Amino acid sequence: MTDNLDDLAINKLRDYVRIRSVHPNINYDECISYLRRYANDLGLQVQMFETVPKKPVLVMTWEGLEPELPSILLNSHMDVVPVFEESWTYSPFEARLVDGVIYGRGVQDMKSVAISYLEAVRRLKNRGIRLKRTVHLSFVPDEEKGGVLGMKTFVTSEHYNKLNVGFAFDEGLASPDDSFVVYNGERTIWHLKVICPGMSGHGSLLLPDNCGEKLRYMIDKFMDLRNESKKKLENDPELTIGDVTSVNLTVISGGIQNNVIPEKFTASFDLRLALSVNFAEFENTIKQWCAEAGSGVTYEFEQKDLFVPPTKVDNSNPYWVAFKEALDKMNIPIKVRTFPGGTDSRFIRLKGTLALGVTPLRHTRPGIHEHNENITTSAFLEGITVYEAVIQNVANV
């Protein structure tokens, strides 16, 4: 029976990966149809919401014995990032299975996690298990474009409020070693554009009030900050990228031709602020850099996320206790980390809901967004077993 369920799970995952829910301009109809059939197969209630037109959110529900209690949410996103097909060994939407390895876009990020939830629910229901708390499984759009038209909008809706979510699971990253990496918080995203005006003129002159000099000053300041973070990581092997502020220069624009000094340069920076950063003090530092760089230098935010407190991972959080007990019984070590990028968890936590990011793949090199994204079937099947135990523990808190 177990072999049949394993084969079924692998085939379900491969079918899901074959759906080309790839940016840009995704049509989610095929995903929704697939998931509706899946819910019907498992005997789960289904609701579909469009808080944004053509950006559907599908929610499956397994009602608990005490549905008035806060529910458990198992969240995943349907969309995947673009591919460079010529760089793949196998077609990224073929879901080719070779020597126990499944290749495909989204197989790590995060279609395997979604199928792990669903197949864990199947196994619990097959055993006749009934859970105390209601379990919702949400499938959301556009996470790979920042979640603005997906989870960010959905959590502000009355539809979400009616789910009465008390605790949520979302994606994390695969772990290359014997442990599970659990993400209880995320750095804060600031996308910042610096504007450096100056005197325009002939490229042969050394005019005052030069936009290039101002731009260099600002870049130097941000790169100095970048080097500070690199040194922290080099000097402390216990730290990971999620523990420091990352700084990257991503766009420089300005100029019309080589012998004309432009009247303006702009530079965009991708900043991911560590949980330890005082936001007000940091923004004042940026203001000071602008003043020092020269006259007229300003900045503007293209994205400025709010600080979101991390989920507590101690005895004050009964969901964490239940989660950890499940993994302890399976002798699976846990590493708690701050997620280096951004996931839909931040919107859930912003609502005051406790959330953990867990991709249940051990002995798997993280390969999200890469060519030849892949997982082993053994790691995938173990993840289902893990979530089978975890869902039962957490939903019975």
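Q: How many helices and strands does the secondary structure of the protein chain come to?
A: This is a predicted model. Its protein chain holds both element types. The count is 10 helices and 17 strands.

Q: Why is the protein chain described as being as compact as a globular protein of that length?
A: For 397 residues the globule rule gives 21 Å. The radius of gyration of the protein chain is close to that value, so the chain is as compact as a globular protein of that length. The C-alpha atoms fill a box of roughly 80 × 50 × 45 Å along the principal axes. The radius of gyration itself is 24 Å.

Q: Among contacts between residues at least 6 apart in sequence, what percentage join residues at least 24 apart?
A: A contact needs heavy atoms within 4.5 Å. Take the contacts in the protein chain between residues at least 6 apart. The part joining residues at least 24 apart is 80%.

Q: How far apart do the centres of the positive and negative side chains lie?
A: The protein chain carries 44 positive side chains and 52 negative ones.

Q: Which residue in the turn between β1 and β2 has a positive phi?
A: β1 covers residues 45-52 and β2 residues 55-62. The two strands run antiparallel, joined by six bridges. They form a hairpin with two residues between them. The turn residue with phi of about 65° is Lys54.

Q: What is the bridge partner of Gln45 in β2?
A: Gln45 belongs to β1, which spans residues 45-52. Its partner lies in β2, residues 55-62. That partner is Thr61.

Technical notes:
Residues are numbered from 1 along each chain as its sequence is written. This is a predicted model: local features need pLDDT of at least 70, side-chain atom pairs count only at pLDDT 80 or more; totals for chains, interfaces and linings use all residues. Side-chain values use heavy atoms; hydrogens and water are left out. Helices (H or I, at least four residues) and strands (E, at least two) are DSSP runs, numbered from the N terminus. The radius of gyration is taken over C-alpha atoms; the globule rule is 2.2 Å times the number of residues to the power 0.38. Lys and Arg count as positive and Asp and Glu as negative; His and the chain ends are not counted. The place of a charge is taken as NZ of Lys, CZ of Arg, CG of Asp or CD of Glu. Two strands pair if DSSP finds at least two bridges between them.
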